[in-house]
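Q: Please take a close look at the aromatic and charged side chains in this model. I would like one connected account of how they are placed.

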Amino acid sequence: MQDSNTMLEGRGLSKRFGDLTAVDGVSVAVRRGQITVLLGENGAGKSTYIKMLNGTLKPNGGAVYFEGQEAKFGSARHAVKRKIHTIYQNFALIDLFTVEENMRLTFPDKSAEELEKMIEQYGKAVDLDERVALLPAGIKQRLEITRALGSDAKVLLLDEPTSVLAYEERDRLFKDLARLGQERGLGILIATHKLQDVMDYCQEVVVLKGGRLVLEKPVRDTNLKELTVAMFGASEELEKAPVEAGPPSESEVVLEVRNLSVRGDNVPMAVKDVSFSIHKGEILGVIAIAGNGQLELADAVYGLRKPLKGEVAPGLAILKAGRKLRMGRVAFASDDPVQMGLAIDLSVRDNFGVSLLDQMSKGSLVDWKALEEFSKRAIDKFEIKCYTQEESLRELSGGNIQKVLVARELSRDVDVLIAVHPARGLDLHTTYLVYKNILEMARRGVSVLLISEDVDEALYLSDRLGAMYEGELSEVKAKPLWTREALGSFMTGAHVMRGEAKA
Ligand SMILES: Nc1ncnc2c1ncn2[C@@H]1O[C@H](COP(=O)(O)OP(=O)(O)OP(=O)(O)O)[C@@H](O)[C@H]1O
Ligand SMILES: [Mg+2]
């Protein structure tokens, strides 16, 4: 391991939080011109390891070496001074600032043209006056990488860089990183739980499980099966969800979207004249690349955005039951825990309580016992890793925080579930757990609107689906009537370039 290409190295690093050993004597080397992957399921210790490498966390054992010398960074800022940059899953950009203002924080002396050139060098042009809050994740990430490389980074540490990216963006990121790594002799370490991130562009893989190093190999000497077994233990088949026939197509309609147009934050119309209906117990998938209006569509169906035109109306199934289509009977699960109503300082249990109070109270009295039992079941069912249900969310790993939200929304008694890439950021095992629960919900009669950026996910879960491109929805067809090519063609706008009408 001690070769001259080693730039940054953790030797026998350990980290304990109370009784929990999050990382247990793990050595990882980041080498010049190479991409090393730190692979592991949710809670394996990846983020903790990165934080020890960059000085955010002080190890309980072992030491960090940089360019052959023991390094005591003390803080991530100190590591940045030594040209070690970290890019976190939740970006460190200031949302309210424009692109230019954000870049100026790092490069106060560069002219606007110079900044523009820098950004273009690592990808396509971005409008300097755009507010960062309005940019797609792929572009935000590009800005962060630009910032790091513009400051002559020697080492890049990326924590789950692809979990916020659509497939094309992901491929592009890896291509760029591989190229930059070669050209500039960068050492790159990527923490991920996605096997597909490992195989194509990376050289070395280290697998963590429960804080221990369980496998370390050149990527060319391993394969998907070996890595899966290393990550998840025994070669258990990942439970595939039961593939049963979908709901009878003549089942009653629960929700109808008619000619819906919705304003966007940065475009006058993000959703353009979209119509579809969802039957009882049906999963309707909408697949699109990030930024094509699918989030605005989900918001409008949930009632968070007022339509410019058209409406979201209850179907016969709701009307017959003498009910209204109301927010309280619609669950909303997405991959953005902060935005979607998790309180990071509250406990796991109280986060369940927040939106289940109607089910968990008698008059104005909270039924703590019911809430505790609910929490216990949800923690078991979704394998949420926490000491007790009173532990605050702040102490959980990123994936486990997301599980709390998904578990809550997937356990509610509702008519409709809106699931917006509900499994993004989760490892494979947990992803199937979430899929299984969504399928079970649908089989119980809940109607599901699935918004996805992943063709495999959309095809796996949906009974019927359509693709969205620049606010327009394709025809919604039963799954067997679609091919991947047809979906991809609509999602990327190839149909428009070929001058075809809606699929
Ligand atoms: N500040 C903390 N206090 C207590 N426990 C913590 C703290 N930070 C992390 N942990 C625990 O350490 C373990 C490893 O967490 P870590 O965030 O490193 O996992 P990860 O591999 O990055 O997971 P994910 O893919 O979900 O982001 C988890 O069990 C987590 O709950
Ligand atoms: Mg993490």
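A: The model is predicted, and it holds seven aromatic pairs. One of them joins F174 and Y201: the ring centres are 6.2 Å apart and the planes meet at 10 degrees, so this pair is stacked. The two partners come from distant parts of the chain, 27 residues apart. F174 belongs to helix α6 (residues 167–184), while Y201 sits in the loop between α7 (196–199) and β9 (204–209). Their accessibility is as follows. F174 has 1% relative accessibility and therefore counts as buried, the cut-off being under 20%. Y201, with a relative accessible area of 22%, is partly exposed.

Elsewhere, Y432, Y435 and Y460 make up one aromatic cluster.

Charged groups over ring faces are a separate matter. R11 lies over the face of Y65, 3.6 Å from the ring centre. K477 is placed over the face of W482, at 4.5 Å from the ring centre.

E457 is buried and yet has no salt bridge. The nearest side chain of opposite charge belongs to R424, 8.3 Å away, whereas a salt bridge needs the nitrogen within 4 Å of a carboxyl oxygen.

Technical notes. Residues are numbered from 1 along each chain as its sequence is written. Chains are lettered from A and ligands numbered from 1 in the order in which they are written. This is a predicted model: local features need pLDDT of at least 70, side-chain atom pairs count only at pLDDT 80 or more; totals for chains, interfaces and linings use all residues. Side-chain values use heavy atoms; hydrogens and water are left out. Buried means under 20% relative accessible area, exposed over 50%, partly exposed in between (1.4 Å probe, protein chains only). Lys and Arg count as positive and Asp and Glu as negative; His and the chain ends are not counted. Rings of Phe, Tyr and Trp (its six-membered ring) pair if their centres lie within 6.5 Å; planes under 30 degrees apart count as stacked, over 60 as edge-to-face and the rest as tilted. Helices (H or I, at least four residues) and strands (E, at least two) are DSSP runs, numbered from the N terminus. A charge sits over a ring if NZ of Lys or CZ of Arg is within 6 Å of the ring centre and within 35 degrees of the ring normal.
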